[in-house]
Amino acid sequence: MISADTARTILGVLGNIISLCVFLSPVPTFIQIWKKKAVEQYSPVPYLATLVNCMMWSLYGLPIVHPDSLLVVTINGTGTGIEIVYIIIFLIYSAERRKRLRVLLVLLIEAIFITVLTVLVLTVARTHKERSMIVGIMCIMFNIMMYASPLAVMKLVLATKSVEYMPFFLSLACFANGVSWLAYGLIRFDPFIVVPNGIGTLFGLAQLILYALFYKSTKRQIAERKIKGEVDLSRVMVVDGEDSRKVGSAPQNGRP
């Protein structure tokens, strides 16, 4: 029989692996940015939001705040490093000076916020319970905002009856990530892990349900666009052919 601590460790390691996959999912986007030497219309907001979320959880998992949470620190410390790399690449290839300054300003605000919070928690709160409660409440707020970010995409899916712009594997990874950390938090009950990941699991499940509901209609829409494109192309070819024949039959050198 597996002990509760062993099961918790296994789930924590699994959560680390899945979370790492989620953190690395934007890599193709940044490879494209690197190749084009431009950020184009990509927004830095998701990476700035994920960065502050990872820093908050790294603080929460520290032994002086919430003991026995090493696996929380490992993945969120790694996530912090990954998000910093993304933001540096964004700054390098952002052509607009104003946009770079905005990103740097947000980074400064985030750094000041985390620093002030850390100092206050370590000086004002005297016990692990008090420190865990203060940082945990902040973590819940930031984590829910991060998990709620796909709501705009879900609204688009409902409006268009298409899941074309809601990647299945990312939705599946977010759902699995929520489930693993929810189970991790339930074994040695930690409400600050259970609440946000329970909500994240529900958001992930909602995305998968939408995918199942609109998968066929998405395929149909893509097929209809393809057929329409082929029809439009054939019309263009017909028109071009008629124009060529007209030019070929036009009088030359004044002769009929």
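1. Axes are lines fitted to C-alpha atoms, for helices over the stretch in contact, and angles run from 0 to 180 degrees between N-to-C directions. This is a predicted model, where local features need pLDDT of at least 70, side-chain atom pairs count only at pLDDT 80 or more, and totals for chains, interfaces and linings use all residues. Residues are numbered from 1 along each chain as its sequence is written, and side-chain values use heavy atoms, with hydrogens and water left out.

2. Overall make-up. The protein chain has 9 helices and 0 strands. Helices (H or I, at least four residues) and strands (E, at least two) are DSSP runs, numbered from the N terminus. Of the 256 residues, 37% count as buried. Buried means under 20% relative accessible area, exposed over 50%, and partly exposed in between (1.4 Å probe, protein chains only).

3. Helix α3. Of the 17 residues of α3, 14 are buried.

4. α3 against α4. The axes of α3 (residues 45–61) and α4 (residues 70–93) come within 8 Å and cross at roughly 155 degrees. The two helices are therefore roughly antiparallel. Angles under 35 degrees count as roughly parallel, over 145 as roughly antiparallel, 65 to 115 as roughly perpendicular and the rest as oblique. The crossing is left-handed, that is, the near helix is turned anticlockwise from the far one by less than a right angle; clockwise would be right-handed.

5. Residues of that contact. Contact means heavy atoms within 4.5 Å. On α3 the contributors include Y47, L48 and W57; on α4 they include V72, V73 and I87. The contact residues divide into 11 nonpolar, 7 polar and 1 charged. Ala, Val, Leu, Ile, Met, Phe, Trp, Tyr, Cys and Pro count as nonpolar, Asp, Glu, Lys and Arg as charged, and the others, Gly among them, as polar.

6. α3 against α5. The axes of α3 and α5 (residues 97–124) come within 11 Å and cross at roughly 15 degrees. These helices are therefore roughly parallel, and their crossing is right-handed. Among the residues that meet are L48, V52 and M56 in α3, and V103, F113 and L117 in α5. This contact divides into 13 nonpolar, 1 polar and 1 charged.

7. K36. This residue lies in helix α2 (residues 27–36). K36 is partly exposed, with a relative accessible area of 44%.
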